[in-house]
Amino acid sequence: MVAIIKHGATKEQLNSLTAFFREKGVGVHIVEGDYQTIIGLIGDTSRIDIEMVQGLDIVESVKRISEPFKCANRKFHPDDSVVDVSGAKVGGGHFGIIAGPCSVESEAQILEVAKAVKASGATMLRGGAFKPRTSPYDFQGLKADGIELLLEAKRETGLPIVTEIMNANHLPMFEEVDMIQVGARNMQNFELLKELGRTNKPILLKRGLANTIKELLMSAEYIMAGGNENIILCERGVRTFETQTRNTLDLSAVPVLHELTHLPVVIDPSHATGVSRLVPSMAQAAAAAGADGLMIEVHNNPKAALCDGAQSLTPEEFDSLCRKVAKVRDAIAE
Ligand code: PEP
Ligand code: MN
């Protein structure tokens with residue numbers, strides 16, 4: 001980080017600023033020119049609040065030279081991370097296909113979908129037990145019973161299970177869940193992220209509705225700073241002015257994230273488009289862009305789904321999607 005000091009700053013002001021930086025544990029290198037003084041900060045500056053420094057009387061401007069995320073940064077970890085979700089690997093050439101209904105609705109429903117998606121090549125089963133719904137009057141999920149049904153589907157199919165957490169107090173219920181999803185609306189629920197950092201569970205971290213890629217990485221950093229490095233990032237579309245699709249899929253997030261971080265990146269074309277017929281082409285595009293996996297909503301009867309039916313594929317449509325994605329992956333394999 002570099003701070004450019006305003007012309008006319010006194011020696012005392014400069015000394016107190018450098019003492020402040022040293023107290024934060026960083027090295028200080030001062031370059032005094034005829035017209036301007038520049039302070040270079042050396043070491044881990046992630047604990048320094050750039051906006052606070054920017055606001056100081058004697059500071060003209062501040063610039064970060066290195067990124068504030070260290071654990072997630074590819075610079076410090078050049079190889080791709082592989083996240084192992086109870087045997088289902090994602091990242092570093094391993095492609096994960098996470099599929100299932102938006103919400104777990106009944107034993108018959110989850111078992112039927114689980115068996116079907118497994119037969120088509122899904123590597124994990126996902127179903128919502130706690131649902132973050134925009135309206136409090138909409139179906140909120142089967143909660144603990146939903147997790148029980150997912151565990152039953154896991155016993156039947158052997159598929160690792162993924163489900164969303166909304167409250168850190170619920171963690172004891174997630175003991176046997178293989179990967180915990182943090183939904184878009186909770187991407188910046190920092191207390192929840194810190195709590196998940198104290199576990200060793202794989203975490204599927206979804207990008208927020210209107211969050212930048214940097215903010216997504218900072219959220220991953222919250223979890224990693226606590227010691228949990230098992231994170232899969234998920235791009236699920238962001239809010240834009242467009243209304244033809246539920247969100248706008250930011251596919252460029254795949255190569256951008258691959259440059260910035262070693263963490264695997266999966267694409268969720270279901271929430272990104274909100275329209276089932278658009279999901280297969282976006283899934284293929286995601287594979288072509290180098291995504292490490294997909295998350296697809298599949299329902300045995302989408303028209304009767306209690307949540308997100310319009311974007312859910314039938315098992316047959318999912319099967320066809322898997323074949324098309326496999327062809328794309330073959331085509332781009334080196
Ligand atoms: C979901 O995955 O079912 C979900 C609610 O997604 P998001 O958090 O991306 O909106
Ligand atoms: Mn959904």
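1. Helices here are DSSP runs of H or I with at least four residues, and strands are runs of E with at least two. Counted in this way, the secondary structure of the protein, which is a predicted model, comes to 10 helices and 14 strands.

2. As to overall dimensions, the C-alpha atoms of the protein fill a box of roughly 75 × 45 × 40 Å when this is taken along the principal axes. Of the 334 residues in the protein, 51% count as buried, and among the contacts with a separation of 6 or more, 67% are accounted for by residues 24 or more positions apart.

3. A reader new to the structure may then ask which residues surround ligand 1. There are 14 of them, and the closest are Arg126, Ala184, Arg185, Lys206 and Arg236.

4. In the side chain of Arg185, an N or O atom is 2.8 Å from an oxygen atom of ligand 1, while for the side chain of His271 the corresponding distance to an oxygen atom of ligand 1 is 3.2 Å. Glu297 likewise has a polar side-chain atom that lies 3.4 Å from an oxygen atom of ligand 1. Taken alone, ligand 1 exposes 300 Å², and 97% of that area is buried by the protein.

Note on methods: Residues are numbered from 1 along each chain as its sequence is written. Chains are lettered from A and ligands numbered from 1 in the order in which they are written. This is a predicted model: local features need pLDDT of at least 70, side-chain atom pairs count only at pLDDT 80 or more; totals for chains, interfaces and linings use all residues. Side-chain values use heavy atoms; hydrogens and water are left out. Buried means under 20% relative accessible area, exposed over 50%, partly exposed in between (1.4 Å probe, protein chains only). Contact means heavy atoms within 4.5 Å. A residue is near a molecule or strand if one of its heavy atoms lies within 4 Å of it. A polar contact is a pair of N or O atoms within 3.5 Å; within protein, one must be able to donate a hydrogen and the other to accept it, and residues adjacent in sequence count only if both atoms are side-chain atoms. Accessible areas come from the Shrake-Rupley method with a 1.4 Å probe; for residues, only the protein chains shown count as cover.
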